[in-house]
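Student: I have a new model open, and I would like to go through it with you piece by piece.

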Amino acid sequence: MSTEKPPLASGLARTRSEQLYETVAAAIKSPHGSMDANGVPATAPATTGSGGGTLSRKSSRRLMMGVSPGRSGGAGTHIRKSRSAQLKLELDEVSSGAALSRASSASLGLSFSFTGFAMPPEEISDSNPFSDDEMIPEDNENKKPKFQAEPTLPIFLKFKEVTYKVVIKKLTSSAEKEILSGINGSVSPGEVLALMGPSGSGKTTLLSLLGGRISQSAIGGSITYNDKPYSKHLKSKIGFVTQDDVLFPHLTVKETLTYAARLRLPKTLTREQKEQRAIGVIQELGLERCQDTMIGGAFVRGVSGGERKRVSIGNEIIINPSLLLLDEPTSGLDSTTALRTIQMLHDIAEAGKTVITTIHQPSSRLFHRFDKLILLGRGNLLYFGKSSEALDYFSSIGCSPLIAMNPAEFLLDLANGNINDISVPSELEDRVQVGNSDRESRSGKPSPAVVHEYLVEAYEARVTEQEKKKLTDPVPLGEEEARAKVLRLNRQWGASWWEQYCILFSRGLKERRHEYFSWLRVIQVLSTAVILGLLWWQSDIRTPSGLQDQAGLLFFIAVFWGFFPVFTAIFAFPQERAMLNKERAADMYRLSAYFLARTTSDLPLDFILPSLFLLVVYFMTGLRLSPYPFFLSMLTVFLCIIAAQGLGLAIGAILMDLQKATTLASVTVMTFMLAGGFFVKKVPVFISWIRYLSFNYHTYKLLLKVQYQDFAQSINGMRIDNGLTEVVALVVMIFGYRLLAYLSLRQMKITT
């Protein structure tokens with residue numbers, strides 16, 4: 001094809017291909033059309049009678065092709081790649097005219113935009129205008145540096161003949177169920193291993209086994225870290241991201257990561273260094289724009305699903321783990337966000353980390369991003385090796401897709417025993433007996449059970465022995481020191497007990513202030529106070545009936561502030577159970593520091609609403625207008641609240657089930673109310689002990705003594721004395737119920 005510029009017919013519109021022809025020809029003829037050292041056409045300055053060619057790319061924008069026809073004063077040619085056309089112009093083809101032929105053909109079915117503007121030199125993003133990396137979605141407006149390769153202990157993970165069984169208990173018997181059987185594999189620093197398989201195939205169980213989240217005594221086979229077995233000291237080197245994002249909804253992104261850094265990073269770092277590390281993780285994960293946004297939850301608006309997942313990952317990489325495990329990090333994300341997440345895992349692996357992730361059904365682009373792949377089916381190993389060689393392996397055993405399909409979809413179909421649109425090996429066809437319903441499906445093809453059996457046997461016969469030999473190889477000689485370091489690791493807390501308490505106290509205060517000061521709760525308390533004030537408006541105790549009425553008011557106050565805290569506190573530990581499991585499994589803090597911080601961080605908030613309640617009720621109802629009785633009444637109510645809260649914490653910690661805890665609390669509170677000394681004056685001896693367990697009873701007696709100490713010797717059969725017995729009883733309840741709750745939490749097993 002000639003590269004001479006054809007004459008233009010005056011007044012006739014030129015076709016787009018002719019315009020492109022002129023541009024390419026001008027670029028070839030131009031003295032500035034030479035290549036620079038990087039293989040990029042040099043940009044010519046705008047001068048009369050000359051043309052300049054510029055190739056540039058910005059992957060975050062829509063790509064187009066622009067041509068500026070030559071004219072007086074200068075001309076610029078700007079060619080930008082179109083994603084939809086996938087048009088790639090090779091510079092060495094330009095001189096031969098091949099690029100012109102391709103562009104002319106493409107223009108028949110594609111719409112290109114030809115404009116006359118010139119691209120400023122600063123818009124040129126790199127020296128390789130048509131890179132294969134263009135297929136990866138990027139956000140160039142907020143392009144972040146890759147993860148820094150911080151010094152860390154490299155971990156070579158190997159697992160051989162791993163089995164795991166659980167005991168299923170029934171009413172009259174129990175049975176063993178095999179979850180995993182004979183799983184082999186390995187992964188090294190710098191690699192990303194994907195665990196793939198249908199639902200129920202054992203992916204999460206295997207991941208939990210590799211992360212040390214399941215008791216090692218229940219595991220068969222061997223799992224080694226640098227050729228050494230698992231020990232609890234490795235917890236500080238392992239990051240585990242659960243499938244569900246377990247985060248506090250009312251904390252911001254920055255607060256979440258900052259608290260994690262202060263709790264988990266070593267004591268040798270100062271608070272400022274830990275907070276700077278949190279900011280660094282925010283930048284690495286691209287979370288600057290939402291760092292001051294609340295995480296959000298089911299009833300609270302917050303960050304997006306992809307951002308929430310990145311925060312969960314940030315919680316783990318903040319400690320610079322040697323081994324990072326993730327359970328389905330792309331679930332619920334769109335394909336672009338999922339691809340960015342997997343690319344981020346690659347960046348983490350390139351920094352010298354070992355990364356293992358489960359994946360349910362990745363797109364084809366995600367599938368090719370993994371270094372190694374394990375395919376599970378019904379707890380058995382169907383394939384382990386490089387992900388790029390998976391299709392070749394299954395083709396070698398006679399299983400190939402008959403139509404173009406996503407490789408991951410093809411592998412999942414095989415793992416499920418579904419061989420529609422998949423070639424059936426002759427060996428498998430021979431196994432199917434005509435008329436045998438157990439081995440043949442309705443369509444005449446082998447049943448899923450037969451397909452699964454064939455795949456397991458084929459892998460064991462062809463690959464298993466080779467992989468087992470590789471697993472016996474020691475870690476590289478250069479890592480002998482790293483192997484020894486595994487034994488020298490000591491369990492270390494990231495903060496002292498007091499620091500843990502202070503951090504958790506601050507975190508609890510920030511998280512729960514929203515629910516304590518919700519407008520519904522404030523309206524509930526204040527409206528109740530106003531109604532009481534109106535019903536007992538300026539009650540007169542100088543008459544027997546007025547005295548009885550006011551005694552009823554005091555009993556209601558004792559019941560209300562005994563009932564209210566119980567049903568608030570029973571939700572504390574059951575609702576935070578997932579967070580407690582996650583953070584205790586990661587050795588973030590001592591249980592005693594968490595428990596004390598959790599129970600004391602509620603106290604400042606618990607005192608505000610009762611104070612407002614008493615301010616309204618006390619003066620509207622005409623109780624003793626003197627500072628001493630007023631403050632003693634308030635102190636009595638506070639003791640009742642703390643004791644009732646302890647009962648709620650104990651019930652919640654013992655049962656860890658909201659429905660059961662609510663039922664038990666209802667029965668208990670009702671019993672305490674009936675035995676509170678107002679409804680029944682004379683209780684049978686054999687059941688009279690119940691009233692001494694009732695905080696309502698002791699609170700009611702104290703309120704009567706505070707209000708009528710100088711007015712009467714007894715009220716409703718209760719003797720008016722100094723009230724020391726009731727105070728001691730409430731204090732014993734405050735500490736006794738909390739001790740019971742703490743011991744119950746100590747007995748709770750950590751589950752993942």
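**Two loops, then the inside**

Student: Where is the place of Met-656?

Tutor: Met-656 sits in the loop between α22 (627-655) and α23 (658-674), where helices (H or I, at least four residues) and strands (E, at least two) are DSSP runs numbered from the N terminus. This is a predicted model, in which local features need pLDDT of at least 70 and side-chain atom pairs count only at pLDDT 80 or more, while totals for chains, interfaces and linings use all residues. Residues are numbered from 1 along each chain as its sequence is written, and side-chain values use heavy atoms, with hydrogens and water left out.

Student: What is phi for Met-656?

Tutor: Its phi is near 50°, a positive value although Met-656 is a residue other than glycine. As a general rule, most residues other than glycine have a negative phi.

Student: And is Met-656 buried or exposed?

Tutor: Met-656 counts as buried because its relative accessible area is 13%, and the cut-offs are under 20% for buried, over 50% for exposed and partly exposed in between (1.4 Å probe, protein chains only).

Student: Which loop is Asp-421 in, then?

Tutor: Asp-421 lies in the loop that runs between α11 (407-415) and α12 (426-431). Asp-421 is not a glycine, yet it has a positive phi of about 65°. Its relative accessible area is 39%, so Asp-421 is partly exposed.

Student: Changing topic: how many helices and strands does the protein chain have?

Tutor: The secondary structure of the protein chain comes to 26 helices and 15 strands. Of the 752 residues in the chain, 50% are buried. Taking contacts (heavy atoms within 4.5 Å), 72% of those between residues at least 6 apart in sequence join residues at least 24 apart.

Student: How many residues are in the largest nonpolar core?

Tutor: The largest nonpolar core has 92 residues, and those with the most contacts inside it are Ile-356 and Phe-394. The largest share of this core, eight residues, is given by helix α13 (residues 448-471). A core here is a set of buried Ala, Val, Leu, Ile, Met, Phe, Trp, Tyr and Cys residues joined through side-chain atoms within 4.5 Å.

Student: What is Phe-394 in contact with?

Tutor: Leaving aside neighbours within four places in sequence, the contacts of Phe-394 are Leu-375, Leu-382, Tyr-383, Cys-399, Phe-410, Leu-411, Leu-414 and Leu-455. There is also a second, separate core of 36 residues, which includes Trp-561, Val-617, Ile-641 and Leu-703.

Student: Why is α4 called largely enclosed?

Tutor: Helix α4 (residues 203-210) is largely enclosed by the rest of the structure because seven of its eight residues are buried. Those residues are Lys-203, Thr-205, Leu-206, Leu-207, Ser-208, Leu-209 and Leu-210. Just after α4, Gly-212 takes a positive phi of about 75°.

Student: Which helix holds Leu-547?

Tutor: Leu-547 lies in helix α17 (residues 544-569), and with a relative accessible area of 15% it is buried. Apart from neighbours within four places in sequence, Leu-547 is in contact with Asp-540, Ile-541, Tyr-708, Phe-711 and Ile-715. The C-alpha atoms of Leu-547 and Asn-716 are separated by 9.8 Å, although the two residues are 169 residues apart along the chain.

Student: And where is Met-733 found?

Tutor: Met-733 is in helix α26 (residues 724-747), and because its relative accessibility is 9%, it counts as buried. Its C-alpha atom is separated by 5.6 Å from that of Ala-643, 90 residues apart along the chain. With neighbours within four places in sequence left aside, Met-733 is in contact with Ala-643, Tyr-692, Leu-693, Ser-694, Phe-695 and His-698.

Student: Last topic: how many cavities does the search of the whole structure find?

Tutor: The search finds eight cavities of 30 Å³ or more, a cavity being a set of points on a 1 Å grid over the protein atoms alone where a 1.4 Å probe fits but cannot get out.

Student: Which residues lie nearest the centre of the largest cavity?

Tutor: Of the 14 residues that line it, Thr-256, Asn-315, Arg-507, Met-579 and Glu-583 lie nearest its centre, and lining residues have an atom within 4 Å of a point. The elements that give two or more residues to this lining are α5 (253-264) and α19 (577-585). Helix α5 gives the most, with four residues.

Technical notes:
On a 1 Å grid over the protein atoms alone, a cavity is a set of points where a 1.4 Å probe fits but cannot get out, and a pocket is an open set with protein on both sides within 12 Å along at least five of seven lines; lining residues have an atom within 4 Å of a point. Grid points are joined across faces, edges and corners, and a volume is the space filled by probe spheres set on the points.
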